[in-house]
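Thank you all for coming.

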Amino acid sequence: MSDKKLRFGVVGCGRGAAVASCGFNNPKCKIVAACDRNEAILAHCREYFESMGKKDVIYLNDYDELLKMDIDAVIVATEAVYHVPIVKKAFEAGKHVLCEIPSITSVEEVYELRKITSEHPDLIYMAAENCCYWAFIETWKKMREKGEFGDVVFAEAEYLHSINPEEFSPDNYPEGHWRTYISAIKYSTHELGPLLYIMDDRCIDVSCKTSDVIYNPYFPKKNSTAIAIFRTEKGAVIKLLVSFGAYTSYDHNYRLCGTRGSIETDRRTIVDNAHSFANLASIPGTFSQKIEIPVATAYLDEYGNANAFGHGGGDSRMFADFVDCVFENKKPVLDVDFAIKMSLPGILASQSAEQNGANLEIPDI
């Protein structure tokens with residue numbers, strides 16, 4: 001494949017259009033086709049691609065037809081409940097897969113995804129967890145590996161993503177939208193992914209509670225805000241908040257506390273622009289005085305300009321890493337093992353909430 005471009009198809013053209021657009025400026029690949037059963041979403045994708053000067057993309061409604069095309073890889077960006085069967089078809093057709101998150105939505109799908117990937121060891125599977133590609137996340141990981149935090153004692157993260165009450169409307173979430181039937185805590189990989197990546201750890205049990213307060217009158221489900229407490233294999237605890245049901249706008253907040261240092265993102269500004277603040281035993285005087293770590297989400301070039309785009313630079317770096325993994329036939333960091341490690345805890349957390357916070361073991365599947 002080294003003598004040609006990696007040819008992509010994308011299925012699920014809502015989120016998928018944004019991911020696929022990362023390939024337009026990547027000299028190693030070509031976006032060949034886009035597929036969605038929803039004509040309106042497909043039309044919007046065409047309009048978006050053509051606004052970027054890309055007029056040679058083929059648009060389809062039938063995923064089976066997409067897989068018959070001369071493509072090497074598929075971007076899977078449908079709603080999560082369809083991820084595993086769509087990945088299965090892609091692998092059976094000999095296509096590499098970059099799959100949006102969460103990778104799985106049930107314990108049963110863990111076994112299905114493992115079987116699918118093990119049967120096709122020549123194909124690359126990578127979970128599209130873009131938050132793991134933020135610059136400050138990589139910085140925290142390197143600091144942890146150097147021992148700046150000592151042993152991690154406690155970590156926490158928050159995913160806040162609600163609608164402004166001024167925009168409440170009956171069509172905010174059409175019938176069948178994943179937010180109408182999937183509990184928010186299942187969508188936890190934006191927080192657990194980066195934390196587990198930094199900590200090199202896995203969750204072994206969980207207890208979770210959900211709020212019964214209804215925020216959006218057109219979305220009367222009681223599963224839109226939840227807090228989960230996880231215990232990890234290395235003995236740390238993780239507190240995770242996911243909320244789509246409070247006056248919180250959009251943000252991600254992270255914190256890590258260890259025996260020799262602690263670090264957290266600045267909550268005064270959105271994560272895209274937030275620097276980190278740390279107490280480090282390796283720097284005298286910082287036990288009671290936080291020092292600023294001037295790194296936000298995007299990596300900067302030599303002129304101080306962001307050299308990546310999409311969710312604070314995460315999208316394009318993630319996409320480029322997948323392309324490199326395919327060309328170099330190397331195992332992605334966010335492989336099937338990591339996909340399960342960051343997705344399964346949210347599933348068990350949801351089950352815990354249904355059992356009024358019962359402590360549940362998270363199996364190492």
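I will begin with the overall fold and then turn to the aromatic pairs.

What you see is a predicted model, in which local features need pLDDT of at least 70 and side-chain atom pairs count only at pLDDT 80 or more, while totals for chains, interfaces and linings use all residues. Residues are numbered from 1 along each chain as its sequence is written, and side-chain values use heavy atoms, with hydrogens and water left out.

The secondary structure comes to 9 helices and 15 strands, these being DSSP runs numbered from the N terminus, with at least four residues (H or I) for a helix and at least two (E) for a strand. Of the 365 residues, 56% count as buried, meaning under 20% relative accessible area with a 1.4 Å probe and protein chains only.

Now to the rings, where Phe, Tyr and Trp (its six-membered ring) pair if their centres lie within 6.5 Å, and planes under 30 degrees apart count as stacked, over 60 as edge-to-face and the rest as tilted. By this rule there are 13 aromatic pairs. In one of them, Phe 136 and Trp 140 have ring centres 5.6 Å apart and planes at 70°, so the pair is edge-to-face. Both residues lie in helix H6 (residues 135-145), 4 residues apart, about one turn of the helix, and both are buried.

Tyr 159 and Tyr 187, by contrast, form a tilted pair, 5.8 Å centre to centre with 45° between the planes. Tyr 159 lies in strand E7 (residues 152-161) and Tyr 187 in the loop between E7 and helix H7 (189-199), so this pair ties together parts 28 residues apart in sequence. Tyr 159 and Tyr 187 are both buried.

Note on methods: Buried < 20%, exposed > 50% of the residue type's maximum accessible area, 1.4 Å probe, protein only.
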